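Q: I am new to this structure and would be grateful for a close look at a single part of it. Please describe that part and its surroundings in one connected account.

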Amino acid sequence: MLNVPSQSFPAASSQQRVAPAGQSGRNKVALKPGHSLMDWIRVAKSGRDLTGLRGRLIDVTEEELQKHNTRDDCWTCIRGMVYNVSPYMDFHPGGEEELMKAAGIDGTDLFDQVHRWVNYESMLKECLVGRMAVKASTALKAAPPPTQPKDARPRYTHKTTRTTVMILRMVIDRCEKLPSSGCTIVDLQDGVLRVEVLLGKMSYILRQRKSQLPLIQHSCAVGKIQVSMRKAAKGKWEELGEPLEFHDSLFRKKDRAIFYRECMLVSKTAVTHDTWVFRLQLPLGTLMHVPVGKHIYLKSLIQDSEVVKPYTPVEETLVPATLDSTEGTAATDIFLMIKVYPDGVLTPHLNNLNIGDHLSVSSPDGPFSLRLLREVTHLYLLAAGTGFTPMARVIRLALQDLGSLRKTKLMFFNRQERDILWHSKLDGLAAEDERFQVEYILSEPCDGWAGRKGRVEASMLTDFLVRPEGSKVFVCVCGPSAFTELTVGLVRQHCFSEEEIHVFQG
């Protein structure tokens with residue numbers, strides 16, 4: 001789709017160039033009074049229309065994006081999502097010159113060269129215009145036939161016995177095994193079978209109309225992907241359906257259209273005074289596992305406007321009843337730990353849903369890969385508030401499946417003790433497994449609080465971010481934008497490289 005040529009960014013004279021050797025942090029422009037990060041957060045939460053679309057989300061074509069390239073009308077695309085950054089111009093620490101470099105174009109590469117760790121989805125969520133529209137020609141060009149193995153196309157077989165099952169087999173790659181961070185998603189809706197395989201930065205899609213409506217039984221990934229569907233009625237299938245648009249296509253994940261299915265709310269469990277775990281059931285005909293570190297999008301129509309927000313699933317419990325990992329298997333339910341904000345756009349709507357109501361849920365998304373944790377011996381997690389949600393599954397995975405791991409440490413920041421998510425479960429896990437350690441920091445503690453107080457600062461991380469000799473370390477950060485920006489800067493000051501830091505965005 002859009003592809004910005006590599007170039008020197010920021011320019012040599014830019015205010016966002018990394019500071020000279022011996023100095024920490026980046027050079028920044030002097031912002032006007034009342035234009036700090038906290039001021040921007042207040043603006044974003046004020047309810048003002050920051051997109052000019054009155055809350056609507058639209059599909060943006062490349063031609064439409066290019067029209068919005070001025071200082072007062074500046075749209076840019078980051079990872080397939082389009083934002084109106086005009087309201088943010090005066091709040092940007094690097095100045096408007098840097099933002100204007102991405103005006104009217106796909107600024108993903110430019111953004112990643114300077115801001116890869118920034119939680120832009122949270123910072124710019126009220127500036128979201130919509131998603132880049134996918135062109136059919138783009139999908140076809142994304143996977144030229146010569147690059148695909150000869151056996152990459154579907155092979156069908158069918159039987160006519162009592163237990164007739166149609167098997168769809170696809171060999172996606174010549175490798176012996178699919179990446180553990182990848183997954184297969186199967187949807188059968190209104191007679192259309194859609195199979196999507198997520199492989200690194202790519203997405204392979206099969207899409208076909210079926211003449212009958214079989215029941216999907218299972219999906220597995222062990223070098224081949226097999227989808228078994230039992231016939232709804234006996235008899236021989238005369239044909240196996242017709243291919244639809246984008247059938248047998250390979251996309252860059254950022255270019256593909258997000259696919260939604262309607263999930264039913266089956267339970268809602270209180271975690272704290274303002275946070276609940278929402279349990280959503282996938283529809284019959286859908287098999288989907290959300291890999292660790294990935295998020296999904298919830299979409300709902302609120303006051304005639306389509307609202308879309310990202311959320312990272314958690315497991316039903318922090319500590320599983322068995323040590324057997326479920327990584328790579330399909331699931332029928334999705335658990336979302338969501339804090340309800342009285343003045344929020346989507347969360348009050350979610351809070352008012354009744355059991356049995358439905359929500360649109362997307363396929364998994366996000367840049368996190370389990371390859372980042374390969375051979376890690378010391379894993380450090382820094383979370384604030386609901387920024388804990390992606391950490392929950394990382395903790396569980398680390399303690400179960402990372403054989404190289406010697407220590408996982410979580411530093412968890414909250415306002416008050418009642419805000420700590422899964423407090424007793426975290427304490428229980430720390431007591432049971434010596435490899436796990438948790439520390440709570442409160443900014444507004446009660447008089448009886450015996451733990452640490454305050455906000456994240458350099459001195460707190462000195463003893464937390466240790467690097468034993470011969471170790472391989474990795475740091476994950478998630479929380480509000482102000483917390484993320486400050487925390488990543490402090491971690492860098494402790495000599496952690498870009499490759500050793502990941503910021504969760506969902």
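This is a predicted model: local features need pLDDT of at least 70, side-chain atom pairs count only at pLDDT 80 or more; totals for chains, interfaces and linings use all residues.

The aromatic side chains come next. Eight aromatic pairs are found in a search of the whole structure. One of these involves Y380: its ring centre is 5.6 Å from that of F464, and because the planes of the two rings are at 55°, between the limits of 30 and 60 degrees, the pair counts as tilted. Y380 is located in strand β23, whereas F464 is in the loop between α10 (458–462) and β27, so this pair ties together parts that are 84 residues apart in sequence. The relative accessibility of Y380 is 0%, and therefore Y380 counts as buried, the cut-off being under 20%. F464 has a relative accessibility of 4%, so F464 counts as buried by the criterion of under 20%.

Another tilted aromatic pair is formed by F412 and Y440, with 6.5 Å from centre to centre and 45° between the planes. Since F412 lies in strand β24 and Y440 in strand β25, the pair ties together parts that are 28 residues apart in sequence. Both F412 and Y440 are buried. Ring pairs also link these two residues with F388 and W422, giving a cluster of F388, F412, W422 and Y440.

Helix α8 (residues 389–401) may be considered next. It has 13 residues, which at 1.5 Å a residue should span 18 Å; the C-alpha atoms at its ends are 19 Å apart, which agrees with that expectation. Of the 13 residues of α8, eleven are buried, so the helix is largely enclosed by the rest of the structure. The buried residues are T389, P390, M391, A392, R393, V394, I395, R396, L397, A398 and L399.

Another open sheet consists of five strands in the order β1-β5-β4-β3-β2, and its pairing is mixed. Its edge strands, β1 (58–60) and β2 (69–70), each pair on one side only. Within this sheet, three bridges join β4 (residues 81–84) to β5 (residues 128–132), and these two strands run antiparallel. M81 stands opposite R131 in β5.

Charged groups also sit over aromatic rings. The charged end of K268 lies over the ring of W276, at 4.9 Å from the ring centre. Likewise, the charged end of K299 is placed over the ring of Y260, 4.1 Å from its centre.

Terms used:
Residues are numbered from 1 along each chain as its sequence is written. Side-chain values use heavy atoms; hydrogens and water are left out. Rings of Phe, Tyr and Trp (its six-membered ring) pair if their centres lie within 6.5 Å; planes under 30 degrees apart count as stacked, over 60 as edge-to-face and the rest as tilted. Helices (H or I, at least four residues) and strands (E, at least two) are DSSP runs, numbered from the N terminus. Buried means under 20% relative accessible area, exposed over 50%, partly exposed in between (1.4 Å probe, protein chains only). A charge sits over a ring if NZ of Lys or CZ of Arg is within 6 Å of the ring centre and within 35 degrees of the ring normal. The expected span of a helix is 1.5 Å times one less than its number of residues. Two strands pair if DSSP finds at least two bridges between them.
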